[in-house]
Amino acid sequence: MKKIIFLVHDPGGYDVVSPLVNKCKEEGLLYEFYCIGPSGNIATNYAKNNEEVIQLIHSMLHKNIPLALVTGTSWGSQIELEAISLFKKFNLPTFSVLDYWTNYSLRFRLLDGEYLYPDHLIVMDHLALEESLLDGIPAHIIRVLGHPGIDDWVKIERSNSREQKTILFLSQPLYELYGDSLGYNQHQVMKDMIKLVEMRPQYSFKVKFHPKDSLSLKESYKDLSIDGVLRDFLTQFGLVIGMNTMGLLFSVLSGVPTISYQPKIAVSDSCITNKLGFTKIIDSFDMLLDYVDHHDKYPKLSNNQYDNNYLWLDGNSTSRVFGFIKEVLSL
């Protein structure tokens, strides 16, 4: 029987791959799960470093163990691409699962500027398909199958007992990824959040830091930090504010009023909730204040307002993606 190697580095990759690991476990199939870097902080039982993983893969490959590779995609790490390269040298099947609607080809760019793609790239919906093609992803490798990381959010029970005057800010390491090219970064937005609650003292404020946020940022605002799994506490808040994080989509799906705040944005907006029309970009502090003051008067999306063309809304992405992997591998 083939063994599936699951490999992730970034938290987004963990979100889409870990449900497939659970499915593999449920069906009693052979697998290994390696979580490197930030994802290893999420799943410590599966944490490995780069060198360990490459050595383990080398060992299995040279023992002629029948293998397949399923990876997430990352920014600032080459480990998934290194593994894909190794598997391709042995003519073994490779799959990557996309977790967000941006930087499609950049996820597969090697340090020398060349691109290395898996045999199969699983994307969320037809918007991701169209944007992937425009970004140069080869059409023959793309499969539109959904987003396994959204399944539980689609099924989440919406809470009506949240604290109305509470704000949750979802941070992201934008400065580390993009420098000042966006026109704003998480440090500037954090200062605006502090200013907001100073001007509106009736609100309380917590921050959910991203696993890749800098230690200095986390230390500076540690008194505001809320730890744990986002799904366990998001619906307790009356308002969620972020920049372009996936957490904004989770918030919308949970029925919580949601703001994409990107002050003085200098590039095309990549926030998925704005792209889909679930939220509108707020690009100035004055607009932010106005929305916070009147967000209860803004129309909210109901379940029947979601566009059925978004495949991942059916809550069956994990089964669909795992079924495709099994079909390719004849499992």
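A salt bridge is a side-chain nitrogen of Lys or Arg within 4 Å of a carboxyl oxygen of Asp or Glu. Side chains of opposite charge can pair when their charged atoms come close.

The structure discussed here is a predicted model, in which local features need pLDDT of at least 70 and side-chain atom pairs count only at pLDDT 80 or more, while totals for chains, interfaces and linings use all residues. Residues are numbered from 1 along each chain as its sequence is written, and side-chain values use heavy atoms, with hydrogens and water left out.

**Salt bridges**

Nine salt bridges are found in a search of the whole structure. Three of them are listed in the table, including the pair of Lys212 and Asp10.

| Pair | Closest N and O atoms |
|---|---|
| Lys212 and Asp10 | 3.1 Å |
| Glu27 and Lys326 | 2.7 Å |
| Asp119 and Lys88 | 3.0 Å |

The positions of these residues are given by helices (H or I, at least four residues) and strands (E, at least two), which are DSSP runs numbered from the N terminus. Burial is given by relative accessible area: buried means under 20%, exposed over 50%, and partly exposed in between, with a 1.4 Å probe and protein chains only.

Lys212 forms its salt bridge with Asp10. This pair links distant parts of the chain, 202 residues apart: Lys212 is in the loop between β9 (204-208) and α9 (215-220), and Asp10 is in the loop between β1 (3-8) and α1 (11-26). Lys212 is partly exposed, at 23% relative accessibility, whereas Asp10 is buried at 10%.

Glu27 is paired with Lys326.

Asp119 is bridged to Lys88. Asp119 is partly exposed at 29% relative accessibility, and Lys88 is partly exposed with a relative accessible area of 29%.

**Cysteines**

A disulfide is a covalent bond between the sulfur atoms of two cysteines. It is counted here when a pair of cysteine sulfur atoms is within 2.5 Å. How many disulfides does the search of the whole structure find? It finds zero. The sulfur of Cys24 has its closest cysteine sulfur in Cys35, 14 Å away, and this is too far for a bond. Cys24 is buried, with a relative accessible area of 0%, and Cys35 is buried at 0% relative accessibility.

**A nonpolar patch**

Patches are made of residues with over 30% relative accessible area and no salt bridge; like charges are joined within 9 Å, and nonpolar side chains (Val, Leu, Ile, Met, Phe, Trp, Tyr) within 5 Å. Met1, Leu30 and Leu331 make up a nonpolar patch on the surface, and together they have about 290 Å² of accessible area, computed by the Shrake-Rupley method with a 1.4 Å probe, where for residues only the protein chains shown count as cover. Leu331 is located in the segment after α14 and is partly exposed, with a relative accessible area of 35%.
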